[in-house]
Amino acid sequence: MLLETEKENVCINQIVGQKKNEIEVEGDVIVNDIKPDVLSIISTSGIPCVYKKEIMDGKIRIDGNINTYIMYLADSENSAVRGLNTVLDFTRNNRCRKLFVRNDSK
């Protein structure tokens, strides 16, 4: 009798906590010399990117950046609309109640 076996890896993730929080990221943006200065900002948009998460002593530290696009009215003779891309870095520390980290390495 021939017996065939199959090996299958199973990965299980369990949510131990969940929190929604809004943060405000501020920063200075330097306009290159080849672009005209900013008269007024028309609109801004950004895409956040979290590149590091650490859990330690009941706190969560999140490091990331926001890739931003700024549309502005230029301070020039014809007051043209211009755009500017820039990156704003951020770090956020959040305290979490009842945050337990368990490492079951065998």
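1. Residues 24 or more positions apart supply 57% of the chain's contacts with a separation of 6 or more (contact here means heavy atoms within 4.5 Å). Bear in mind that this is a predicted model, where local features need pLDDT of at least 70, side-chain atom pairs count only at pLDDT 80 or more, and totals for chains, interfaces and linings use all residues. Numbering starts from 1 along each chain as its sequence is written, and side-chain values use heavy atoms, with hydrogens and water left out.

2. On secondary structure, you get zero helices and three strands, running β-β-β from the N terminus. Both are DSSP runs numbered from the N terminus: helices are H or I with at least four residues, strands E with at least two.

3. Now burial. Of the 106 residues in the protein chain, 16% are buried (buried is under 20% relative accessible area, exposed over 50%, partly exposed in between, with a 1.4 Å probe and protein chains only). The chain's accessible surface is about 10,100 Å², and carbon and sulfur atoms hold 48% of that; areas come from the Shrake-Rupley method with a 1.4 Å probe, and for residues only the protein chains shown count as cover.

4. Searching the whole structure turns up two salt bridges, meaning a side-chain nitrogen of Lys or Arg within 4 Å of a carboxyl oxygen of Asp or Glu. One pairs Asp63 with Arg61, closest N and O atoms 3.3 Å apart. Asp63 is buried at 6% relative accessibility, while Arg61 is partly exposed at 30%.

5. The other joins Lys52 to Glu54, with 3.8 Å between the closest N and O atoms. Lys52 is partly exposed at 40% relative accessibility, and Glu54 is partly exposed at 30%.
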